[in-house]
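Dear colleague,

I am handing over the structure below, and I would be grateful if you could look through it before reading the notes that follow it.

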Amino acid sequence: MSPTSAVRIEVAVRPELPDARGAGVERTIQSFLGIGVRRVRTRDVYRITGGLDPREAEKLRAELTDPVLQVSALGKLEGERFDFAIGVGFKPGVTDPVGKSAKVAVEDTLGRKLGATGAVYTSTLYLLDGVDRAQAERVALELLANPVIQTTHLQSFEEWRAQPPDLSVPVVPGHDTPAVARVDLSGSDAELERLSKQKLLALTLGEMKAIRDHFRAQAAGELRRAAGLGSEPTDVELECLAQTWSEHCKHKIFNATVRYREGDGEPEVIDSVFKAYVRGTTEAVERAVVAREGKSWLVSVFHDNAGVVEHDDQHHLVYKVETHNSPSALDPYGGAMTGIVGVNRDPFGTGLGAELSSNVWGYCFASPFHSGPLPKGLLHPRRIRDGVHQGVIDGGNQSGIPYGRGWEIFDHRFLGKPLVFCGTVGVLPVTVAGRPSHEKAALPGDAIVMVGGRIGADGIHGATFSSAALDESAPIQAVQIGDPITQKRMFDFLVEARDLGLYRAITDNGAGGLSSSVGEMAEKPGGARLELEKAPLKYAGLAPWEILLSEAQERMTLAVAPEHVAPLLALAARREVDATAIGAFTSDGYLHVTHRGKTVGLLEMAFLHEGDPDLDLTARWVPPRFDEPRTPPPADLGQTLVAMVGRLDLCSNEAKARHYDHEVKGLTVIKPFVGVRSDVPAEASVFLVRHGSLSGYVLSEGVNPFYSDIDCFAMAQAVVDEAVRRQLAAGARLDRIALLDNFCWPDPVAGPDNPDGEYKMAQLVRACRGLYEAAVAYGAPLISGKDSMKNDSRMGGVKISVPPTLLLSAIGRIDDVNGAVTLEPKAAGDVVYLLGETRDETGGSEYFRLRGERDGLVAELGQPAPYVGNKVPELDLATTLPRYRALESAIRAGWVRSVAVPAKGGLGVALSRMAMAARLGLDLDLNAAADLARLEPDVALFSESLGRLVVTVAARDTASFEACVAGTACHRLGSVVSAPTLTLRRGSAALVSVAVDALVTSFQATLGGAS
Amino acid sequence: MTRHAERLRQFDALPTPEKDRLRREVRVLVLTGLGLNCEAETEAAFRLCGARPERVHLLDLLEGTARRRLGDYPVLAFIGGFAFGDHLGAGFVFANKIRYRLYDQLVEFIERGGLSLGVCNGFQTMTRLGLLPGLDGDYRTPLATLAPNDRPGYRDAWVSLGFDAASPCLWTRGLSQMDLPARHGEGKFLASEVTLGRLREQHQIVARYLGADGAPTQAWPANPNGSPDAIAGICDPSGRLFGLMPHPDAFLYPFHHPDWARRRALGTAGTQGDGLAIFQNGVDAAAAALG
């Protein structure tokens, strides 16, 4: 056989056994597409190249088949009848992780390597019964395959039988390496703008001109002439600058000079909202900490890949949260998986490399039950939700990292672009190989070593792509596919190398690929020389600029001292991990890129990092007005409460969440779900830092884009308060809470196609101010953050912008995890308290949206769902902090048995969650709190006033508890009862009396079937 | 079995310091790498039981670059994780590497009286290799498989396990019931009726999923994968090799249990995690054999 022709092996579950995968697809076809398919069976198909002889082929067939479970054949597996067969495989060049593992098995079995042309290509064959051709085509395109990355091959039974087995393999056609081009920037302004758009550079006219002028000025220089380069940038240089200067990498909006005014008031000039409010928060907090404690517990903030804080004398904690929105819109599974495995590399690329401890995720979607029109080019939100979950499930589980927090929010404005937040906590030993672990610097002369995966055309232009609105021109290669096992193996290797002191600095290859990782690492030594032909490629034919910019996954870049190169590469070989020296750091002030000995890029470091012209933006705030409900409130508050806990934003997502690992590593203390049946989400999660120590960290978050419609200042304060309250609820120390800010905004740069840009910029300014005030008051520094500023979709000619969304993620410290507190009341007879004031603050509430739906109102495309209302919850920092401190003392003293945090859905939903978690009843009198007594009953139950906590205390401890929290608005509402009914009274008049089971049923039904 | 039983009786009679001394001599090979991920908790478990766990990368064992050979260890742990991403079936590629490159050492280890525990991915690997069920001393022919769960996909939820008191399994001596998390997508134990019959007869079905009534169950979610006869774990006829789908390594401390906070409030949380007993049994059996 010739080395390039393939052997095909088909493997199926034995006909007498159930095919669980097929049955799953069958159910989804029926429920999701509404097609009454009779039966689905599946087969794994392997196409193997590398010159196998018939004996080898047969040996492999036998070895790839589980004799108890499967049957198989070379070529086609005959014997089953079906109506249509759909083959789903990868497009050429797309990562095929299963194929990669299969190659290992093939080589082990044969006892030889497959050679340079040998590979295993996997695909799946779905055999459908009871469908016609048109239905089979729908199944192929709407369910089984994503045309962005996959190919489908549809055959009727007769066609399948008549045709020989398909032996073709998706090989990237090899061709000569494209030449390096010089880019002519001498054209008019319009031509420059066109060029930027055409090449997907996302550079503004000003930036294009700055680049043109720079290269004209450089042309006379000795170096440039010696290298044979002229007054025009090469494509390598232009692409590298576009990546480095992209909004994604450079945060131009956060660093812009902003003229902000309210209404027609005097404009105020803010020199960078990042400096003023984000870094400003941290500096203010740190000053206060140093004044109080004499030293800071912040180890490394803002300048590395993730924030680092002190934990104990052995370990620091590292935390980073990222978004991966645009890729997840195009390919939900691959995009989201890359989101999680990508953010894993941030803590690992921080300091000398942190081991990964836990993941968090949070998603903003349109309703999976969306039945309205779908702009052309957008995937149905259910498909996006299913794919995003599965991507993060596989990425996290296969990496051996448990998840700590997971939440979902639904609003139809996420139809255009979902928001996919993924984060990772890392644990960094205080010293590594005798050095402080949080410091790193490449030295001139150090080798540049790339570790992990190989470079392909995947993920080119990711950074610039995510810095523009999503439209039909989105490039397919902007999507990368993650391969978590390759990355896990790389991390295992890197931990060994780290502890042996084999590298001096490390960073990850994410957006911008090598251009970004090497460009950043070269800042300290003052230059780098990169030899692109040395970089290992997945296939031939990549242009030099593509090698430089590829965002192919699973790669880290190291700076390695010359004497450590050989031992590092030897260890990599022992672990079967790719590692290659591809250049060296220098001090000549240039990023010097060569390809086969020829200079293809010569970029002045100073221009690369500082040459980007500043942005000037204007912002104008005019408070909006929204409708209040026009109909009387619902008469039956019990039934309304049952409906509330079943709302998409409040219901259980356990059907999805259980597919994520909760406890691998054995360090999870308070898991994502709590209660006697482990089926109610915890207020916060608690993890040990390592085996053998009882101190831990607490994870929580706050997110509420609904308040943004009314005022982003209030929104930001609310999310800080929620994140902090959740920390407190789990038993965290109030003086060791660190925050991460993730801004996902609609484009706030005003322009002809963005007429309300000034308003969105004003929303950003107000959010930052709210964040600053609350975080400084709570003494919680911002240690890391990320912004994603172009969350608009123009698919099908319809513009949909996400509501401004700020995710505040908190990581706190708990000195002894044995003191952790959970949500569920522990025993009948315990006393229930409400801490904090309730006001009429129903604006932006879940309750108002329920009222809107009851009144038959539907949101207009791109507008918030009615009713929005106007009375958004406001934070009273003068009273909340003393209350939290008092409660912290009471928890520390051991008097507090459970804590719930009223947030979305208000007090009513918080009490319901407690009752559901314990499967116990509560008997409470709202008149016990004067503020509750004054409010309309529905407002008392569903207002989302901040600063509140519900607490249960054993009867024997009530006197001590009350004394401890005296003066902080503490209301004794009643007690926990064994009869499982939630009873809320006003004096003797019952407002609500609902069975806990009825709440549970509603809570679980909404998304219980949508798994 | 009888030899072991006799040694264990002698060990049980020893004073605690003497037991601890012998336990400290038990080296445990914790096989790692290639996508496995439960090394930290497995190591912690064996250490808490007084043994000396050592992490060894499979590739080092294959290439002879490890500090010790497999035969130098009395206990071998096949840990949980996603070796090679579970591609081609859970445990498949990993087991294949062992089959073609380490098999003789492995069989020698077993025939010389070694103990082995396989959890989750480790159980899948042992089954794929044919180490389990190991009928008639044949540790090479796969007679069973761990097939995809009836409800597809990986799932993490705690289950209740019941142990067969009449089982020869050395790892579960004295145990009757335990809660542990099941965390897998492929845990449905399949074998021929003949094989299943022999496993029942020889009490090799060590652990079964229990329903709320305390009886073995086929009902999801108590039985997370639809395993026939509610099979959660099996041993070989000697009782030295034990494979289990749920994770004893995930219940080392009282606070690992999902209902811990309530149990603590009611004073019933205990002082250690139930899962530790399995590791202690294994370590003690190995220590007894040393003594």
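**A buried arginine in a loop**

In chain A, A:Arg647 sits in the loop between α22 (637-645) and α23 (654-657), where helices (H or I, at least four residues) and strands (E, at least two) are DSSP runs, numbered from the N terminus. A:Arg647 counts as buried because its relative accessibility is 12%, the term buried meaning under 20% relative accessible area, with exposed over 50% and partly exposed in between (1.4 Å probe, protein chains only). Apart from its neighbours within four places in sequence, A:Arg647 is in contact with A:Glu846, A:Arg849, A:Leu850 and A:Glu853, contact being heavy atoms within 4.5 Å.

Before going further, please note that this is a predicted model, in which local features need pLDDT of at least 70 and side-chain atom pairs count only at pLDDT 80 or more, while totals for chains, interfaces and linings use all residues. Residues are numbered from 1 along each chain as its sequence is written, chains are lettered from A and ligands numbered from 1 in the order in which they are written, and side-chain values use heavy atoms, with hydrogens and water left out.

Strand β35 (residues 831-835) of chain A is mostly covered, with five of its five residues buried. A:Val831, A:Tyr833 and A:Leu835 point one way from β35(A), whereas A:Val832 and A:Leu834 point the other way, and all are buried. β35(A) runs antiparallel to strand β38 (residues 949-953) of chain A, to which five bridges join it, and two strands pair if DSSP finds at least two bridges between them. In β38(A), A:Val950 is the bridge partner of A:Leu834. Five bridges also pair β35(A), in the antiparallel sense, with strand β39 (residues 970-977) of chain A, where A:Gly974 is the bridge partner of A:Val832.

In chain B, seven of the eight residues of strand β7 (residues 177-184) are buried, so this strand is largely enclosed by the rest of the structure. Strand β6 (residues 155-163) of chain B is joined to β7(B) by eight bridges, and the two run antiparallel; B:Asp156 has B:Arg183 in β7(B) as its bridge partner.

**Chain A as a whole**

Chain A has 32 helices and 41 strands, and its C-alpha trace spans about 90 × 75 × 60 Å along its principal axes. Of the 1011 residues in chain A, 65% are buried. Among the contacts in chain A with a separation of 6 or more, 82% are between residues 24 or more positions apart.

With kind regards
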